[in-house]
Structure formats: C-alpha cells, structure tokens
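Here are my notes on the model you sent.

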Amino acid sequence: MRPVPPPLIDRHTHLEGALDPVWVRRAAAQRGLVPPAGLEALWAGEALPFEGFIAPFLFGAGLLDGAEAVREAVLAVARRTQSAEGSGFDLWVCPHFLVIHKAQISLTDLWRGLEEGLAEAQSWGLASCVVVEAVNHFGPKHGTAVLDLVLPECPSFVTGFSTGGLEGSPFREWAPIFDRARLAGLRLAAHAGENGPGSHVREAVLEGGVSRIVHGIRADAATLELLAERGIPVDICPTSNRALAADVVPHPLPRMLAAGVRCALGTDDPGVIPCDLATEAEAARAMGLSPAQLDLLRRHGAEDAWCLAGSSKGR
Ligand SMILES: [Zn+2]
C-alpha cells in the first residue's frame, strides 16, 4: 500500500500578489481604475522583465486598502491552496510598504484582515503563517523601519522575516537587521538569485545569516553545494520564474535537486501570474523530474514549511 503523502504546502506566496483577477477587476472598477496593460499581459501568460512586473504587482497591492480587502486576499490564497488539494501556505506580507510607504491601510486593519482571513482558512483545515517582508532595494534603513513597525505588537501568526523586491542592496548591510529579527524570535529568509546574480544567494546565507532562500535559481554549483551541506530550504516557483526570469533556461530545479538542495514549490504571485500548486507540480514534472523527485519536493515542502513548524519565539 502506498504510504500517505505528506501535506501539500504552498511554500511561498505573497499577500500583495494574491488577489483573484475577477476581484481585482471589480474592485478597480469600483475605484474608477483600469488594470494596467502589463497586468493584462501577465494574466494572459506573457513573460515580462522583472522591472515590468512591478507596476502590475503594485496595482493589485494598491487595492489592499482595508481589512476586508486583506481578508479577501488571504481567502484567495486559501481557495487556491484548497482547490489544488493543498493543506497550508507560508504567506509573505509587506506591512511597512502598505502602512507607511503607501499609507493605504492602518497596521491595525492589516493585522485584523490577516487574522480574520487566516482564521477562516484554518476553519477550512489549512495551516498558515505570515512572513514579514522588507523591500531589499529600499535599503537596510527601511529594514529597521519594518522591524520598528511590526515588532512592538507582533501577532503570533507572524513567524518569519524576509527581504524581497529587487536585490538592490548587499546582504552584509542587512546582517544587523536579520540579527534583530532573529533575536525577536523570527525565522529568516531572503529573495536571492532571482532578479540579481547567483552570488547573492551565497551572500544572503553567509553574510546575511538567513536560513531559507526564495528562488535562488541563479546560484552556481558551489553555492548549491553550500545550500545542500547546510540543509537550507529553497522555495521554487516555476511559473513566476518563467515569467520574470525568462533568461534562466533550462530551469535549474532538476540540477538543484540532483545537488541535494532542499527545494520545494510555491506560487509566488498567482493573482498576477496565474498558477497554483497543481500547475507548479506539472511544471516541475515537465522539467523531467522523476515521480520520486516530485515526491521529494512535496516532502521538503512539508518538512521545511514554517506554517507547520509554528513559531520559534521563546526558543
Ligand atoms: Zn516572492
């Protein structure tokens, strides 16, 4: 008899990129807005350079202007996860960007929308946690401001801290911020080796001190060896990579797994670049992975998921 498979987890998905296109069109019309051409292009499956992704991404993020919209975005993640027979998700959220930089929602309403959405997802049997994200290209001062904003009254569903955005400032400059987040009990991750060079992956681990990498697809063989040696999980999002890192071909996932890297699948921004866990598994299969390797992706997905591990606070 085949053993019961481990829970299927969406290991990397963003609140700001989660809203369903139908909801986005309706909410935009209510606000007298029209989705930008770039967003329509992404919805239609076109590839764009990373810079071209930012405006479409920000359009959806701009609609998160109250607790109800945030709850709706969480439920979009939950529905997508459930329809692909998933059991949970690690959700990246940019509080400082929404609350201070764009000043479009209060922190109280952001936390309330998240809390309500996550509670509803939990009532459907889905595990979840939130990873607070700072925007790398805003620089380390922004990282400090993110922690100043979220740490004083950090909800228990926040279990991690991560950088995202353009890989614009060196990870060694982020080391004090990562240290502070770690001391506050948060787990550490970084988007690295996606829109920046593969050397960023090594820097994020050795100089930033992170214990998880998002994407990492430009890492060289020596860096893959480092990731494998240290058992550092890497979240891989094939559809997002195909759209935003179209020059990285063939996709390195088979090579990463062969090197012993603990890769798992995530959806990244499925409201902007349509996909779900089923399309990502299919994309991985189409790369030539064996059934055993596909099983391994799922097992890593569960074993290294922060939504299943809970908080490291107090440890
Ligand atoms: Zn991401």
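**Notes on the predicted model**

1. Start at the end of α13. The residue G288 follows this helix, and its phi is positive, near 100°. Keep in mind throughout that this is a predicted model.

2. Helix α13 itself covers residues 277–286. Which of its residues are buried? They are L277, E280, A283 and A284. Seen down the helix axis, these buried residues fall within an arc of 120°, so they line one face of α13.

3. Now the whole chain. Its secondary structure comes to 15 helices and eight strands. The radius of gyration is 18 Å, close to the 20 Å that the globule rule gives for 315 residues, so the chain is as compact as a globular protein of that length. Along the principal axes, the C-alpha trace spans about 50 × 40 × 40 Å.

4. Of the 315 residues, 52% count as buried. Take the contacts between residues at least 6 apart in sequence: 76% of them join residues at least 24 apart.

5. The sheet. Eight strands form an open sheet in the order β1-β2-β3-β4-β5-β6-β7-β8, and the pairing is parallel. β1 and β8 stand at the edges with a single partner strand each, so one side of each has no neighbour in the sheet. On average, neighbouring strands are turned by 25° against each other, direction ignored.

6. Is it mostly covered or mostly open? It is mostly covered: six of its six residues are buried. Its parallel partner is β2 (residues 88–93), and four bridges join the two. Within this pairing, D10 stands opposite F89 in β2.

7. The β4 and β5 pair. Strand β4 (residues 158–164) runs parallel to β5, and four bridges join them. The bridge partner of T163 is A190 in β5.

8. A189 is worth a look. It is found in β5 (residues 187–192). A189 is buried, with 29 other C-beta atoms within 10 Å. Beyond its neighbours within four places in sequence, A189 is in contact with V131, G160, S162, V210, R212, I213 and V214. A189 and S211 are 22 residues apart in sequence, yet 5.9 Å apart in space, C-alpha to C-alpha.

9. Helix packing. How do α7 and α8 cross? The axes of α7 (residues 140–150) and α8 (residues 171–183) come within 9 Å and cross at roughly 10°. That makes α7 roughly parallel to α8. On the α7 side, the residues that meet α8 are P140, G143, T144 and L147. On the α8 side they are E173, W174, I177, R180 and A181.

10. D179 is also found in α8. With 13 C-beta neighbours inside 10 Å, D179 counts as partly exposed. D179 and G208 are 29 residues apart along the chain, and their C-alpha atoms are separated by 8.4 Å.

11. Most residues other than glycine have a negative phi, and most peptide bonds are trans. A cis peptide bond joins V249 and P250, with omega about -5°. P250 has its place in the loop between α11 and α12.

12. E85 has a phi of about 65°, and E85 lies in the loop between α4 and β2. D268 also has a phi of about 65°, and D268 has its place in the loop between β8 and α13. Which of them is buried and which exposed? E85 is exposed, with 12 other C-beta atoms within 10 Å. D268 is buried, with 28 other C-beta atoms within 10 Å.

Terms used
Residues are numbered from 1 along each chain as its sequence is written. This is a predicted model: local features need pLDDT of at least 70, side-chain atom pairs count only at pLDDT 80 or more; totals for chains, interfaces and linings use all residues. A residue is buried if 20 or more other C-beta atoms lie within 10 Å of its own, exposed if 12 or fewer, and partly exposed in between; C-beta atoms are placed from the backbone. The arc is that of the directions from the helix axis to the C-beta atoms. The radius of gyration is taken over C-alpha atoms; the globule rule is 2.2 Å times the number of residues to the power 0.38. Two residues are in contact if their C-beta atoms, placed from the backbone, lie within 7 Å. Two strands pair if DSSP finds at least two bridges between them. Axes are lines fitted to C-alpha atoms, for helices over the stretch in contact, and angles run from 0 to 180 degrees between N-to-C directions. Angles under 35 degrees count as roughly parallel, over 145 as roughly antiparallel, 65 to 115 as roughly perpendicular and the rest as oblique.
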